[in-house]
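Subject: Structure handover

Hi,

Here is the structure I promised to pass on to you. Please open it alongside this note, and I will go through what turned up.

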Amino acid sequence: MAEIPPKRRKVEMPNRLYKESDRMTPMPYQSALNLRETEYAIKLIKDSFERRLAENLHLQRVSAPLFVVPESGLNDTLSGHERAVSFDVRETGKVAEIVHSLAKWKRFALKRYGFSRDEGLYTDMNAIRREETADALHSLYVDQWDWELVIDKCERNFDTLSTAVKRIYAALMKTQKTLLLAYPQLGEAFDLPDEIDFVTSQQLEDRYPDLTPSERENAYAREHHAFFLSQIGGALASGKPHDGRAPDYDDWSLNGDILLYHPWLDRAFEISSMGVRVDEEALVRQLAIADCEERVALPFHKALLAGDLPYTIGGGIGQSRLCMFMLKKIHIGEVQVSLWPDEMVEACARDGIALL
């Protein structure tokens, strides 16, 4: 039997912003949904989006690891500086690491399960990122849909990337319509265009040469409200990359982030990082740039260089981020349970932000 949500209530939504302690906060702020309504709505969003994502990209759900051994080379090193949470395993005497993401593991899984071209998988990925600075958008706890799709080598191009982006965005828009029908007290959705815009990190630097990378994203988001920022990881004309990316999963020339504009926070709001994965040439090139050439001895890298893994495109889509945006929340702790600094907990209580 389907769950029946609790009785709905009408709440007026805030329409202005103020700045306090270097953060943007709606004032007055009151969530349109109470705690129980929020939990029902989170499930609705996750169920609806997951189903549409699978349909649009031809994905099958699979089970995935929470931890791996570091010598496998399967853990995502993110920008290369983050330390994984690790623990010793009494039974084996080995050390295990909590995954940062499953970008590499998924390519092994696609081969092992026998997926063919234009078939893929997705999974619920849960991680702990100990280096993350806790704020309204970032948490020690990360939950996302990790997905991966088999492609041919000749499909390693921008058309393949942009098609996947558009299909994800279509799933997002349909999910938002479903949510607003179920919870009309949310009012109008945040203003999103029917079609997502595309821009490269170099175009963004050229357009806003005096701004920092995050400021460029915010400025562009105010104009376009939904865009895919591509080509992240390599050096720009300024000599600096837009942002850091691990050298051994995304091809830096064929990757990017989906960003939306959150008007109450007045900033770009990343919901997904994705890309065409490295082939043999891109792996060698990017490892050299990142000064990580010793990784070629790891099992994942050896298998890739030997041609034993499929060519793929894949990414991660933030579950809490998506729920936060669609439910018009201003703190990620309103849609997930994590640990927060005492002063943040006190500030949220003062400002009417109900952390789960």
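Predicted model: local features only at pLDDT ≥ 70, side-chain atom pairs only at ≥ 80, totals over all residues.

Residues are numbered from 1 along each chain as its sequence is written, and side-chain values use heavy atoms, with hydrogens and water left out.

**The chain as a whole**

The secondary structure comes to nine helices and 13 strands; these are DSSP runs numbered from the N terminus, with helices being H or I of at least four residues and strands E of at least two. The chain has a radius of gyration of 20 Å, close to the 21 Å from the globule rule for 356 residues, so it is as compact as a globular protein of that length. (That radius is taken over C-alpha atoms, and the rule is 2.2 Å times the number of residues to the power 0.38.) The C-alpha trace spans about 60 × 50 × 40 Å along its principal axes.

Of the 356 residues, 52% are buried. Buried means under 20% relative accessible area, exposed over 50%, and partly exposed in between, with a 1.4 Å probe and protein chains only. Among contacts with a separation of 6 or more, 72% are between residues 24 or more positions apart, where contact means heavy atoms within 4.5 Å.

**Strand E12 and its neighbours**

On one side, nine bridges join E12 to strand E11 (residues 250–262), and the two run antiparallel; strands pair if DSSP finds at least two bridges between them. Asp 250 has Arg 277 of E12 as its bridge partner. E11 and E12 form a hairpin with four residues between them, and Asp 266 in the turn has a positive phi of about 55°.

E12 also runs antiparallel to strand E13 (residues 311–318), with five bridges joining them. Here Val 276 is partnered by Ile 313 in E13.

**The largest pocket**

Which element gives the most to the lining of the largest pocket? E12 does, with nine residues. The pocket has a volume of about 1,100 Å³ and is lined by 46 residues, with Arg 129, Glu 132, His 138, Glu 270 and Arg 321 nearest its centre. Elements giving two or more residues to this lining are strand E8 (141–151), helix H5 (213–224), E11, E12, E13 and helix H8 (319–326). By class, the lining has 14 nonpolar, 15 polar and 17 charged residues.

For your own checks, the grid is 1 Å over the protein atoms alone: a cavity is a set of points where a 1.4 Å probe fits but cannot get out, a pocket is an open set with protein on both sides within 12 Å along at least five of seven lines, and lining residues have an atom within 4 Å of a point. Grid points are joined across faces, edges and corners, and a volume is the space filled by probe spheres set on the points. Ala, Val, Leu, Ile, Met, Phe, Trp, Tyr, Cys and Pro count as nonpolar, Asp, Glu, Lys and Arg as charged, and the others, Gly among them, as polar.

**The cavity and Lys 328**

The structure holds one cavity of 30 Å³ or more. Its lining includes Phe 190, Phe 325 and Lys 328, and H3 gives the largest share, three residues. Lys 328 sits in the loop between H8 and helix H9 (342–350). Is Lys 328 buried or exposed? Lys 328 is buried, at 8% relative accessible area, and has a positive phi near 55°.

**Two exposed loop residues**

Asp 291 lies in the loop between helix H6 (280–289) and H7. Phi of Asp 291 is also positive, near 60°, but Asp 291 is exposed, with a relative accessible area of 62%. Cys 154, in the loop between E8 and helix H3 (158–182), counts as exposed at 64% relative accessibility.

Happy to talk any of this through.

Best wishes
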